Amino acid sequence: MSDNEIPRRLMLGGLALMLSGCTQASGAISLLAPTGRPAPDPRFLRQRVQYNGGESSGTIVVDIADRYLYAVEEEGWATRYGVAVGEEGLTFTGRATVGRKAEWPPWTPTASMMSRKPRLLQYAGGVPGGPNNPLGARALYLYQGARDTKFRIHGTNEPWLIGTAVSNGCIRLTNDNIIELYDRTPLGTPVLVI
């Protein structure tokens with residue numbers, strides 16, 4: 001090995017160590033979203049945390065003010081996800097259950113959404129499921145009894161908005177996080193939005 005090769009290998013090894021610090025349970029974190037926009041703030045990355053909110057294991061709790069969703073687990077633990085929430089006055093609060101689940105769901109804006117935001121009129125016929133759909137990879141539909149509340153916990157094709165209040169009332173997670181939550185959430189799961 002030449003004297004010039006040693007510093008090069010040390011530099012490459014150091015670079016590999018620095019990059020390995022940018023990982024989480026689901027794999028590597030890109031510093032930029034695919035569109036070149038910044039990735040979500042690191043404090044909103046999925047993590048297991050202690051939870052003492054009083055809800056029973058298996059409950060989903062959404063804290064709108066702090067922009068977190070908790071999947072409550074046994075023995076005082078929860079998996080915490082960063083979320084985007086509804087704009088002022090548009091967010092659902094209260095208790096519901098997961099009454100329906102869908103993979104790559106289609107989306108059609110409601111009449112009230114199109115009234116508030118006329119630019120949504122172009123989607124009045126609906127948007128098929130897929131990567132360009134604003135509901136993202138999965139959706140958990142919130143029901144109160146047999147009534148669909150029209151509010152969802154769903155993915156997003158705009159992950160850089162996690163931690164903000166931008167939606168028409170739904171709770172958004174990154175697509176990798178909604179897939180993980182979807183897989184662990186059975187129909188009938190209780191949901192509390194505070």
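**Entry 1: lining of the largest pocket**

I looked up which elements line the largest pocket and found that helix 2 (111–116), strand 10 and strand 11 (165–167) each supply at least two residues. Helices (H or I, at least four residues) and strands (E, at least two) are DSSP runs, numbered from the N terminus. The model is predicted: local features need pLDDT of at least 70 and side-chain atom pairs count only at pLDDT 80 or more, while totals for chains, interfaces and linings use all residues. Residues are numbered from 1 along each chain as its sequence is written, and side-chain values use heavy atoms, with hydrogens and water left out.

Strand 10 gives the largest share of this lining, five residues. I counted 30 lining residues in total, and Trp 107, Met 113, Pro 134, Leu 135 and Asn 168 lie nearest the centre of the pocket. By class, 12 are nonpolar, 11 polar and seven charged; here Ala, Val, Leu, Ile, Met, Phe, Trp, Tyr, Cys and Pro count as nonpolar, Asp, Glu, Lys and Arg as charged, and the others, Gly among them, as polar.

The space in the largest pocket is about 860 Å³. A pocket is an open set of points on a 1 Å grid over the protein atoms alone, where a 1.4 Å probe fits, with protein on both sides within 12 Å along at least five of seven lines; lining residues have an atom within 4 Å of a point. The volume is the space filled by probe spheres set on the points, which are joined across faces, edges and corners.

**Entry 2: nonpolar cores**

I next looked up the largest nonpolar core, which has 23 residues. Such a core is a set of buried Ala, Val, Leu, Ile, Met, Phe, Trp, Tyr and Cys residues joined through side-chain atoms within 4.5 Å. Buried means under 20% relative accessible area, exposed over 50%, and partly exposed in between (1.4 Å probe, protein chains only). Ile 60, Leu 69, Ile 153, Ile 171, Leu 173 and Leu 181 have the most contacts inside this core. Among the elements that give two or more residues to it are strand 5 (68–72), strand 8 (94–103) and helix 3 (175–184). Helix 3 provides the largest share, three residues.

**Entry 3: Thr 156**

Is Thr 156 buried or exposed? Thr 156 counts as buried because its relative accessibility is 3%. Thr 156 sits in the loop between strand 10 and strand 11. Its C-alpha lies 5.5 Å from that of Leu 135, although the two are 21 residues apart in sequence. Beyond four places in sequence, Thr 156 touches residues including Pro 134, Leu 135 and Leu 173.

**Entry 4: other loop residues**

I noted a positive phi of about 65 degrees at Arg 67, which is not a glycine. Arg 67 lies in the loop between strand 4 and strand 5. Trp 104, also not a glycine, has a positive phi of about 40 degrees and is placed in the loop between strand 8 and helix 2. Trp 104 counts as partly exposed because its relative accessible area is 36%.

Ala 146, in the loop between strand 9 and strand 10, counts as exposed because its relative accessibility is 78%.

**Entry 5: whole chain**

I recorded three helices and 13 strands in the chain. Buried residues make up 40% of its 194 residues.

How values were computed: Contact means heavy atoms within 4.5 Å.
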